[in-house]
Amino acid sequence: MGIREDVNLLGRTLGQVLKEQEGEDFFNLVEQTRALVREVRGGGDDQALRGMITGLSAADASNLARAFTWYFQLVNLAEEYERVRALRTQTGVRPQSLEQALTELKAQGLSAAEAEALLSRLQLELTFTAHPTEMRRRTVRNHLSAVARDIPHLEDDPTSVNRIAAHVEALWSTPELRRLRPTVLDEVKGGLHYVSSIAQALPSLQHDLQRAFQNVYGQSTDARLPLRFSSWMGGDRDGNPNVTSQATHDTLQVHRERARELLLGAVQQAYTDLSQEEGQEEEGHGSYRTELRELHNAVRDAEAVDLLPRLEALRTRLIAEGQRRTADQLLTPLLTLARVFGQHLVSLDIREHSGLTGAAVAQLLRAAGVENDYLNLPEHAKLELLTRELRSRRPLWPAGEALPEDLERVIGPIREVQAAAKVVGPEAFGHYVISMAESVSDILEPLLLAREVGFRVLPVPLFETLDDLTNGPQIVWELLSLPEYRAVLDRPDGGSDMQEIMLGYSDSNKDAGFLAANWALHEAQRKISAVCQRAGVHWRFFHGRGTSIGRGGGPASRAILGQPAGTIDVGIRITEQGEALADKYSHPVMARRNLEQALYGLILAAARPAQDPPAEWMTAMNRASAASAEAYRQFVQDADFLPFFEQVTPIHEISRLNIASRPVRRPGAPTLSNLRAIPWVMSWTQDRANLPGWYGLREGLETIGVEQARQMYAEWPFFRTVLDNAQMSLAKSDLLIFSEYLTLVSPAEGSTRLSGHIRAAFEQTVELVQQVVGAELMANEPRLRESIKLRNPYIDPIHRIQVELLRRARSTEGGLDEYERALMLTLQGVAAGVRNTG
């Protein structure tokens, strides 16, 4: 069977369930809707479809949205298995694999020793973050996982069809949406759902690395996977009052429990496999099983144990005693999990807004009688005070006196990660990320907070807006020039920690638009790398990417290879969130493939020597960025824009729905500036304008000129990545659907002007991009292009129902209360159908 047969069977199964559960009339309504949508897509009149949607009862509208949403959930499973099927049948060296990466390194002249040194230097860290487009309940995900497990057996096991039908039947009668806003712990457990698939993939990936090295260099290697995982869920406090110290405590407890489950299973399997009775036991060593039994009991009882050193020693013993196959094949699964997940599972970051860390430091200084008006000091005075305090070890808060509630809210989470680090090791905690870091003092302030509890943290500035990215290199230089801060980077073991710098794709895009944000990110990396190199400090960039193009999304390997040459020093860190987790990691084979592609990109990007692009390209991008940002800001700062935006997108409804634990806005009166980037992008995805993923690109390309842009596209990985991502965003945009959302807009002169402008800008941008790339949109991604084409007729009904429900909800007082559930279903349906939504 192939994907077409899988999709047809799943579609027929859903249709049969709809007939049985809702009756023949409803099934006919679904079929009629599908036929009418296809007719409209083919250029036919839409009056019959429009009339049918308008006449739907609330119950039928909700069920119709559900029917098409479930269709997409099932189709997504079929598409995922098709990718698994394709990977399993591939022969030879896979494109973008570890073996291809090593082959290319060898072709560049790197010896085996140099390749091993590169691998030992690098680390790819993936960071799980919460996201509102992953709205499915765990119950629903469990049913879908069961269906996914049976799809591969449709050919050889007749009973699999019945099991799938049973799960689809159960799904139809299962509430797919939460009645209450998800808690922080709900988001934590949802994000960690995919760890089990990743855990299954990691040993295979480790074997891939060893096999690839042997095939390319003709010798074995002890190189480890340069991979680790971290999380923001339960530690990201910026604008989320629900992430309390207790939430952080509970999150760390979940991490420990999941790590224990994974390790116990792996230790038990290794105990079963390592059955050799060593007649050659050395003095001081028990049998392999004795050692594994002791480790099992320590992990089970949550005791502090040197897990990794003891497993590494066991591997060394096996090899020394002539048992290398056992070491490589039977101990590697456990050893790999211990290396990557340890007893901590993922490292939890704390993220806090610089305004709150500054206020907390001001309160401490005031209580200690050091400074009564810290917040109003000029920057040079703040730095003088902070560096003086860093040279001291004294706490600022009076000993034995309880912290007030507002100060405890900021310092309490640090105390929680400190406690976790004592139990499972320092990797329980990752970094302290400072949102809206606009000065050196913003970065130093968390050091004083951590000192109050006697804990060492490494601060990570998050540069988010265009101004932040522009000023970032100077801020980092001033920071690294401080002896007091350099002492913070010095580890107790005599080594030195790297400086991590986080780059915000979301707010920079919302601030300046697609092209200007991408160029600002490029230049910030290039200049900050030069600063760190000049200061003699290793560095790593943390890319706060979303799943949508407007928030830095797109294939990870392409994004990594598109980074400026010479800017990847000791690795790279990337956020993983939303439906991307399900898309990439729901199946072990897909997890293995996505991880190897990301590692492929990292290895080759890190091997590229530092080299600036040609001066004329840099000059062209400076002009293009300025023109693009000006056009974008002129548009979003138009006096009529905000009311137009609130009418043409479901942003107002998204802000009220129980989608995520975090509010959609930062505190203050509703403005575009305090709207969070995720709902900003998500709202434009729902109406299919996808504005954040392309607007302003036309003006930028026009300043470059088609011929020069073609050369840049052909020869510059960064520029190619930018335009390829724009192609995806433009291809997923749909003016036919956007026109339906425009019917929600009042016929004011300003709204008419803005809607016409978006249409014209979109068409002109598509035409210009196609001229530059020399082909129709997505011609270089035929499978994805075909998938978009096939999906559109099935997404259309969900969009049209959403428009009708928005119209009804907005027409009466309290209308959203009546239509909340149905609207949430349409939001979920569009997210499932379009993917890459936020």
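User: Where is L311 found?
Analyst: L311 is found in helix 13. Helices (H or I, at least four residues) and strands (E, at least two) are DSSP runs, numbered from the N terminus. Please note that this is a predicted model, in which local features need pLDDT of at least 70 and side-chain atom pairs count only at pLDDT 80 or more, while totals for chains, interfaces and linings use all residues. Residues are numbered from 1 along each chain as its sequence is written, and side-chain values use heavy atoms, with hydrogens and water left out.

User: Why does L311 count as buried?
Analyst: L311 counts as buried because its relative accessibility is 0%. Buried means under 20% relative accessible area, exposed over 50%, and partly exposed in between (1.4 Å probe, protein chains only).

User: And what is L311 in contact with?
Analyst: Leaving aside neighbours within four places in sequence, L311 is in contact with L292, L295, L331, L334, L335 and A338. Contact means heavy atoms within 4.5 Å.

User: How far apart are L311 and W232?
Analyst: They are 79 residues apart in sequence and 29 Å apart in space, C-alpha to C-alpha.

User: Changing topic: which strands make up the barrel?
Analyst: Eight strands form a closed barrel in the order 1-2-3-4-5-6-7-8, with parallel pairing. Two strands pair if DSSP finds at least two bridges between them. On average, neighbouring strands of this sheet are turned by 30° against each other, direction ignored; axes are lines fitted to C-alpha atoms, for helices over the stretch in contact, and angles run from 0 to 180 degrees between N-to-C directions.

User: How many bridges join strand 1 and strand 2?
Analyst: Strand 1 (residues 124–129) and strand 2 (residues 227–231) pair in the parallel sense over five bridges. T127 has S230 in strand 2 as its bridge partner.

User: How much space lies in the second largest pocket?
Analyst: The second largest pocket holds about 1600 Å³. Among the 49 residues that line this pocket, Q123, R228, P426, E427 and D497 are the closest to its centre. On a 1 Å grid over the protein atoms alone, a pocket is an open set of points where a 1.4 Å probe fits, with protein on both sides within 12 Å along at least five of seven lines, and lining residues have an atom within 4 Å of a point.

User: Which helix gives the most to the lining of that second largest pocket?
Analyst: Helix 14 does, with four residues. Elements that each supply at least two lining residues include helix 6 (112–121), strand 2, helix 13 (307–320) and strand 4 (429–435).

User: Is Q206 buried or exposed?
Analyst: Q206 is buried, with a relative accessible area of 2%. Its place is in helix 10 (residues 195–217). Not counting residues up to four places away in sequence, Q206 touches A223, R224, L225, T332, T336 and R339.

User: What about E740: where does it lie?
Analyst: E740 lies in helix 33 (residues 735–742). E740 is buried, at 8% relative accessible area. Beyond neighbours within four places in sequence, E740 is in contact with D46, R50, R800 and V803.

User: Last topic, backbone angles: what is phi of M436?
Analyst: Phi of M436 is near 50°, a positive value in a residue other than glycine. M436 lies in the loop between strand 4 and helix 18 (440–451), and M436 counts as buried at 15% relative accessibility.

User: And where is R688 found?
Analyst: R688 is found in the loop between helix 29 (677–686) and helix 30 (697–704). Phi of R688 is near 70°, a positive value in a residue other than glycine. R688 is buried, with a relative accessible area of 2%.

Conventions:
Grid points are joined across faces, edges and corners, and a volume is the space filled by probe spheres set on the points.
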